[in-house]
Amino acid sequence: RIETALNANKSKGLNIDYVECRSSICKLEIEDMNAKAMETFRDDFRQQTTDVFSAGMVGEDEYGKTIIYMSKTAEDIYEN
């Protein structure tokens, strides 16, 4: 599902550096984008994956990369 959603959003200038999924959580690292492009991506991506991943958290690392964690439950995010 993540791959399909990312491919659907390629036209938004998205630069995915890293995707890792484990049994209960997935992590995406996205190269810095302008705020408007990121907002559009997040909204579209959320709509395309919300039936699989009902919980998520978005932040930035010390290098300016956007980090997205997604899971089926919020507990999975906080446990990992």
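Predicted model: local features only at pLDDT ≥ 70, side-chain atom pairs only at ≥ 80, totals over all residues.

Author: Asp-51 sits in the loop between helix 2 (35-49) and strand 3 (55-60), while Arg-1 is in the segment before helix 1 (2-8), so the pair ties together parts that are 50 residues apart in sequence. How open are the two partners? Asp-51 counts as exposed, at 56% relative accessibility, and Arg-1 as partly exposed, at 46%.

Why do such pairs turn up? Side chains of opposite charge can pair when their charged atoms come close. The count for this model comes to six salt bridges.

Now for another one: the side chains of Asp-17 and Lys-65 meet in a salt bridge, 3.1 Å from N to O. Asp-17 belongs to strand 1 (residues 16-21) and Lys-65 to the loop between strand 3 and strand 4 (66-71), so this pair links parts that are 48 residues apart in sequence. With a relative accessible area of 33%, Asp-17 is partly exposed.

Glu-29 and Lys-27 also meet through their side chains, in a salt bridge of 3.4 Å, N to O. Here Glu-29 is buried, with a relative accessible area of 15%, whereas Lys-27 is partly exposed at 22%. And here's how these pieces connect: salt bridges that share partners join Asp-17, Lys-27, Glu-29 and Lys-65 into one network.

Notes
Residues numbered from 1 in each chain as written. Heavy atoms only, no water. Salt bridge = Lys/Arg side-chain N within 4 Å of Asp/Glu carboxyl O. Helix = DSSP H or I, 4+ residues; strand = E, 2+ residues; numbered from the N terminus. Buried < 20%, exposed > 50% of the residue type's maximum accessible area, 1.4 Å probe, protein only.
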